[in-house]
Amino acid sequence: MLDKILQFFKRLIQRILGTPTPPSPPGNTVIRPTLTDAEYESKFMEILEGINAGWSRGDVAGFLIAKRLKDGELAAWLRRFGERLLEAEHDDTAATNAVASLQELAQRLVLLGRIGSGELSEIARQIGREILTRFPLPEVEEEDTKGRVIEAVFVGDGLGGSGEVNRGGGEGAGDESEKV
């Protein structure tokens with residue numbers, strides 16, 4: 001009670017003297033500290049792992065609620081992350097496994113875009129599609145396998161064990177009377 005009286009006189013004196021009073025935060029409001037980029041990345045990678053494991057839209061929403069993340073905050077981080085990812089220099093000599101990792105990330109982003117709803121899923125879908133178009137996997141050609149023909153000789157009807165019939169290579173070739 002004494003505190004309330006002191007607060008009243010303090011505000012009254014401040015009003016008379018013209019000094020502004022700082023707004024007092026309500027007693028039940030908890031101010032959340034903002035997460036670092038590394039923390040956002042960690043949470044987002046958890047979402048992508050869950051998506052890969054078969055999470056539904058409700059699972060993603062439940063995760064966001066449980067981790068006290070807002071869709072808009074995570075979407076803003078993802079937009080920044082995607083810009084940095086797309087601006088990074090990836091020339092044609094980039095390692096195949098680096099491009100493969102980007103492709104895997106892009107596929108998960110597109111999947112999140114299909115499953116989720118809201119700003120986060122839309123941003124994820126856009127970034128995923130952009131990665132897929134900008135960084136395709138390089139074509140891998142196998143050495144000296146183009147144009148190879150597998151040669152096989154079929155012996156008999158395939159039921160014989162020793163292959164004494166039709167050893168000549170064609171139908172009826174085993175019959176000596178037909179060769180004359």
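Tutor: Let's start with a definition: a residue is buried when its relative accessible area is under 20%, exposed when that is over 50%, and partly exposed in between. Keep in mind that this is a predicted model.

Student: What distance separates glycine 50 and arginine 108 in space, C-alpha to C-alpha?

Tutor: That distance is 9.9 Å, although glycine 50 and arginine 108 are 58 residues apart in sequence.

Student: How many helices and strands does the chain have?

Tutor: The chain has 7 helices and 0 strands. Followed along the sequence, the pattern reads α-α-α-α-α-α-α. There are 180 residues in the chain, and 24% of them count as buried.

Student: What makes arginine 108 and glutamate 49 a salt bridge?

Tutor: The rule asks for a side-chain nitrogen of Lys or Arg within 4 Å of a carboxyl oxygen of Asp or Glu. In this pair the closest N and O atoms are 2.7 Å apart, and arginine 108 forms a salt bridge with glutamate 49. Arginine 108 belongs to helix H5 (residues 96-115) and glutamate 49 to helix H2, so the pair ties together parts that are 59 residues apart in sequence.

Student: How do you know whether arginine 108 counts as buried or exposed?

Tutor: Its relative accessibility is 14%, so arginine 108 counts as buried. Glutamate 49 has a relative accessible area of 47% and is therefore partly exposed.

Student: Why is the pair of aspartate 37 and arginine 84 called a salt bridge?

Tutor: The closest N and O atoms of aspartate 37 and arginine 84 are 3.4 Å apart, and the limit is within 4 Å. Aspartate 37 sits in helix H2 and arginine 84 in helix H4, so this pair ties together parts that are 47 residues apart in sequence. Aspartate 37 is partly exposed at 33%, and arginine 84 is partly exposed at 42%. A network of salt bridges links Asp37, Arg80 and Arg84. Searching the whole structure gives 7 salt bridges.

Student: What separates arginine 125 and glutamate 122 along helix H6?

Tutor: They are 3 residues apart in helix H6, so about one helical turn separates them. Not counting residues up to four places away in sequence, arginine 125 touches Leu109, Val110, Gly113 and Arg114.

Student: Let's turn to the rings. What makes phenylalanine 44 and tryptophan 77 an aromatic pair, and what is its arrangement?

Tutor: Two rings pair if their centres lie within 6.5 Å. By this rule the count comes to 4 aromatic pairs. For phenylalanine 44 and tryptophan 77, the centres are 5.7 Å apart, with 55° between the planes, and the pair is tilted. Planes under 30 degrees apart would count as stacked and over 60 as edge-to-face. Phenylalanine 44 lies in helix H2 (residues 37-52) and tryptophan 77 in helix H4 (residues 71-87), so the pair ties together parts that are 33 residues apart in sequence.

Student: And what are the rings of tryptophan 77 and phenylalanine 81 called, and why?

Tutor: Their centres are 4.9 Å apart and their planes are at 15°, so the pair is stacked. Both residues lie in helix H4, 4 residues apart, about one turn of the helix. Tryptophan 77 has 0% relative accessibility and therefore counts as buried; phenylalanine 81, at 13%, counts as buried too. Ring pairs link Tyr40, Phe44, Trp77 and Phe81 into a cluster.

Definitions and conventions. Residues numbered from 1 in each chain as written. Predicted model: local features only at pLDDT ≥ 70, side-chain atom pairs only at ≥ 80, totals over all residues. Heavy atoms only, no water. Phe/Tyr/Trp six-rings, centres within 6.5 Å; stacked < 30°, edge-to-face > 60°. Helix = DSSP H or I, 4+ residues; strand = E, 2+ residues; numbered from the N terminus. Buried < 20%, exposed > 50% of the residue type's maximum accessible area, 1.4 Å probe, protein only. Contact = heavy atoms within 4.5 Å.
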